[in-house]
Amino acid sequence: MQYHREEADVLVLGAGLAGMRAAWAAAQAGPGLSVALVTALDGPTGSSFANPNNMLGMQVPCGPEQEDRLVRETMTLARPGQADPRLAAILAREAWDRYRELEDLGLRFRRDGIGQLERFAGCFSPDASGAVVFTSLAQAHAAFKARILELGVRIIPGLRARGLAPGRGNGISVAGAWLEDLSDRTPVLIRAKAVVLALGGPAPLFAFNLSRGRRHAWGDSYAIMEAAGARLINAGYLQFLWGDTATGAFWFLDELGRPGVKVQAPDGRILAVRDLLSREDRDALGGLAEARRSHCPAAYGLPDAALDRFAAGLLNSQGLLKVRDAAGAWRSVAPLAHAGNGGARVDEWGRTGVGGLSACGECASGMHGANRVGGAMVLATQVFGRRAGEEAARRAMGLTLPPVGRDWPEEILGSRGRADAGDPARLAWLRGNMQRCAVLGGRPGLSRLHDRLGEMEGLGGPDFRLALRSARAVTAALVQEEARPGSTSASMTAAA
Ligand SMILES: Cc1cc2nc3c(=O)[nH]c(=O)nc-3n(C[C@H](O)[C@H](O)[C@H](O)COP(=O)(O)OP(=O)(O)OC[C@H]3O[C@@H](n4cnc5c(N)ncnc54)[C@H](O)[C@@H]3O)c2cc1C
């Protein structure tokens, strides 16, 4: 089989905020090393730079008191998932320095009329104004790109990562990556001494999400990391925001309680929501709604998650909730997959425990758990992207290029590196079912879907197989969580 070969000392996969920061740190920590950054597109990509909001919030605690507070909030919000207090502390303590670097890079942080940095409350942290916001993401992308080019990073555009190349000897389990040229599907092997994976999260696995399309993301990172032996944590805890499926605009659950608003129940009846609730639940509504307003994504394990579960009980067989406003206009809303809080379990240097492989950004976890403070993900891309890149460079410095396993990776590239004509239909099926059964901690039909995905292992071409494995990592985590004693005690279930 013909394939194209490349080599690098440090290989970074993915050019969002995490991958860019890792490449920057690797080049700075190892002058003379060759650092290659793979990106599917040589322009703004990912949730980081092709984000429809064109702005991002970042937690930047100022001083020890605020840092301690962020650590406490991170650890409290992490339940029922898991977070490592050491990573949470690093996240908070290094925030200010990472923010200063972004200022120096020229990112456009919002300032008030007299030039003071504006502060905002982050989701799940309504009482602290710990977040700052930068705008103009294409400009931010250009600034990162200029910095890494200046440091000698080689950007390799037009490639899709398919899997990691197994290595042999010297404690190296990963010795590069198998990729595919997106223009003609030619396989490419890039051998490397250290690989940093920054391919983003699993949101594209859901039919309704905020991270597909022009963002060049497929949601493959979990499958790629798991196949290499990395351990995933918090994989079932994706953030879902309720939104209009036609426009992607946010939709607030509060609307259900407004006078004149009706919904179409799954059995076709058109009802006012209050009529579906028991008196007890109606009494509880006010307090829950107040708490729910403090965060856009649905929560896990917090009392107000009952509101989202109640609304999820109204979803029809396509995973849509049809709502009629007081003026009589209908719209379809659904939980839109936004970002994942799970990923490879990493240590303080982004190491996954698999020799030669680090991970950072949305495909790494442990610095937050089931829920996270709004703006903490952008912060994590900078703090742990930098650490992963620096450590990868340190590791690469003492090594020679490790040998790669010689077998053709049929499992990840298919027998001829060609697409399977049935994959688009299979992928649509997969995303539709993930949307129906795997949102908001799991819906009826989840276990059946999980089993069905297991039976489908090996079916289809490389595109479908990767998505299937990533999806199965999510459903496995959800099924396990469902089986946990005391999990998800739904209190407002009248309509479910
Ligand atoms: C609408 C929206 C608003 C958000 N707002 C905030 C916010 O205000 N604050 C906050 O903290 N977080 C926010 N988030 C989450 C945050 O933006 C992301 O979690 C974060 O930017 C992820 O960065 P990343 O570098 O890990 O991944 P990404 O930015 O998603 O980058 C992944 C990179 O990998 C590439 N890639 C993916 N798969 C492959 C492959 N197989 N081969 C090659 N390349 C591949 C992509 O093209 C991209 O370059 C938001 C997310 C969304 C969708």
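View 1. Glu-390 touches Ala-25, Ala-26, Ala-29 and Trp-349, not counting residues up to four places away in sequence; a contact here means heavy atoms within 4.5 Å. The model is predicted: local features need pLDDT of at least 70 and side-chain atom pairs count only at pLDDT 80 or more, whereas totals for chains, interfaces and linings use all residues. Residues are numbered from 1 along each chain as its sequence is written, and side-chain values use heavy atoms, with hydrogens and water left out. Glu-390 belongs to helix H10; helices (H or I, at least four residues) and strands (E, at least two) are DSSP runs numbered from the N terminus. Glu-390 counts as buried because its relative accessibility is 17%, where buried means under 20% relative accessible area, exposed over 50% and partly exposed in between (1.4 Å probe, protein chains only).

**View 2. The shell around the ligand.** The ligand is surrounded by 32 residues, of which the closest are Thr-45, Ser-48, Ala-161, His-216 and Glu-362; a residue is near the ligand if one of its heavy atoms lies within 4 Å of it. At least two shell residues each come from helix H1 (17–29), helix H2 (46–49), strand S3 (55–59), strand S7 (159–166) and helix H10 (376–397). Helix H10 gives the most, with four residues. By class, the shell comprises 13 nonpolar, 15 polar and four charged residues, with Ala, Val, Leu, Ile, Met, Phe, Trp, Tyr, Cys and Pro taken as nonpolar, Asp, Glu, Lys and Arg as charged, and the others, Gly among them, as polar.

View 3. A backbone N or O atom of His-216 lies 2.5 Å from an oxygen atom of the ligand. For Val-378, the separation between a backbone N or O atom and a ligand oxygen atom is 2.8 Å, and for Ala-15 it is 3.0 Å. The ligand taken alone exposes 1,000 Å², and the protein buries 95% of that; accessible areas come from the Shrake-Rupley method with a 1.4 Å probe.

**View 4. Arg-258 in the loop between strands S11 and S12****.** Arg-258 lies between strand S11 (238–244) and strand S12 (262–264). Its relative accessible area is 46%, so Arg-258 is partly exposed. The C-alpha atoms of Arg-258 and Val-273 are separated by 9.0 Å, the two residues being 15 apart along the chain.

View 5. The protein chain has a mean pLDDT of 92, and 94% of its residues reach 70 or more.

Note on methods. A polar contact is a pair of N or O atoms within 3.5 Å; within protein, one must be able to donate a hydrogen and the other to accept it, and residues adjacent in sequence count only if both atoms are side-chain atoms. pLDDT is the predictor's confidence in each residue, from 0 to 100.
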